Amino acid sequence: MNQEFPENFLWGCATSAFQVEGAYNEDGKGLSLADVRSMSVDPTEEPTKALANVGDEIADSKIASDHYHRWEEDVELMKELGLKSYRFSIAWTRIYPNGDDEQINEKGLAFYDKLIDRLNKYGIEPVVTIYHFDFPCGIQKKYGGWRNKQSIEDFNRYACTLFEHFKGRVRYWLVNNEQNAMIRRDSYLGIEEKDILKRERLRHLCNHNMYVACAKAIASCHQIDPEAKIAPVMAYSPTYPKDSKPENILAAKKSEDLYRNYMIDVHCRGEYPAYYLRWLRDNGWDFPISDEEHEILKAGKPDFYAFNYYRSSCAEYCPEDVSPELVERYRVDAKRRMLPGICRHIDNPNIEPFPMNQWRLDPIGLRVAFRNIYERCHLPLMLCENGLGVPDILTNDFKIHDDYRIDYLKSHIIAMKEAVKDGIPVIGYHVWTFMDVISTSEGFKKRYGLVYVNRDEKGGDLNRYKKDSFNWYREIIKENGRNL
């Protein structure tokens, strides 16, 4: 068995539209929930009224990394890096500003035409995410977003527009990014319900409609462009038990099932596993699933499976009598997720926190992730995000010495190589991110890029500077990962 990466391996980097592009209201673009979330404004207000109260000192999606205006410079850097693929997202609101407009925004398509054509000219495979957290505010206000089944039809129409327009130029599509993480972020779903249990039911309803929309878009892609490959993207972190106590082993297993494994089953088998449906029923969060929806889920099978990995997690049994307030406080904390009577996430006592960001780094966990996912889906796998988010320092001579990022990436690529030796078909790897982008939680205070973008929360000249990790990754690509 060949124990090296295949010659056509997609060594890549990734970004997302609202985090990198800027130009939030140029050339006909509409506002998305990701925009208003980054600007800390109320998505139910009229956009012009809401944005009037936003100061330029906030690192938000208005300018972001200004990729919209500097894309040519950025693609030249990608060419210099030797990228084999670039994973990016198309902003729904650049194509349909309100989400369901009668007419396509041609200027929005034109921007992605230029970007994709240049990438193809340089031999950089475009790996395009259709939906990366940025649901249009227009249809959110019109009918409530993902909770309404009309969202399925509007999303499929948008996806079909992309499949038809970019047929033959985009060969890898990603339907949506981290749906299992997105449903824990109410602001990305436009959920404002205050009651804890009612709000949770809305999340699961949104989740289901996203599954149906995903499957429908996959089937549409297969019909419109049979040569293209398409998959969803899952956030994945294997969950270890705190210790060998049976109740903690079961708690970790249930955490894997309820946060991740069920997602693979819905995407790849087209049905919800019984344990997940039981969990919904037991909590009053279940919803009707029509025969038509069953058929759509069965018909929309992906061609490969994609996931993002940063670090592993750890869990123990959670007693039944945990207060609802405590559960709510830890609802969106990946380390503290709590399900009374089932599990709660804790810091892994066997891994020391990384000083620069307190992450508990675990490259072995990536190998575990490849094994777990492949054994469940039996499809080729693509890693779409892997990176280290920390503050970087630009020296007086415009250098960024990020040995810590090189160490992180190297250890994880070695783990991925072991997965390849295990016989798992891995087709691509993408560093998050190609260049610094606005973090979903910390603006430009937390940086992931191989390219430094010279700005902070109050602005900057946006000049690009190659970090040490840029030069290191260029050699990895050139050698196809042979000399790690």
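**Packing of helices α12 and α16**

Residues E256, N261, I264, D265 and C268 of helix α12 are in contact (heavy atoms within 4.5 Å) with N372, I373, R376 and C377 of helix α16. These contact residues comprise four nonpolar, two polar and three charged ones, where Asp, Glu, Lys and Arg count as charged, Ala, Val, Leu, Ile, Met, Phe, Trp, Tyr, Cys and Pro as nonpolar, and the others, Gly among them, as polar. The model is a predicted one, in which local features require pLDDT of at least 70 and side-chain atom pairs pLDDT 80 or more, whereas totals for chains, interfaces and linings use all residues. Numbering starts from 1 along each chain as its sequence is written, and side-chain values use heavy atoms, with hydrogens and water left out.

Helix α12 spans residues 246–269 and helix α16 residues 363–377; the two pack at an angle of about 40 degrees, with their axes 10 Å apart. This angle makes α12 oblique to α16, a class left after roughly parallel (under 35 degrees), roughly antiparallel (over 145) and roughly perpendicular (65 to 115). The crossing of α12 and α16 is right-handed, the near helix being turned clockwise from the far one by less than a right angle.

The protein as a whole has 18 helices and 14 strands, defined as DSSP runs (H or I, at least four residues, for helices; E, at least two, for strands). Of its 484 residues, 59% are buried, that is, under 20% relative accessible area with a 1.4 Å probe and protein chains only. Among contacts between residues at least 6 apart in sequence, 77% join residues at least 24 apart. The C-alpha atoms fill a box of roughly 55 × 50 × 45 Å along the principal axes.

Terms used
Axes are lines fitted to C-alpha atoms, for helices over the stretch in contact, and angles run from 0 to 180 degrees between N-to-C directions. Buried means under 20% relative accessible area, exposed over 50%, partly exposed in between (1.4 Å probe, protein chains only).
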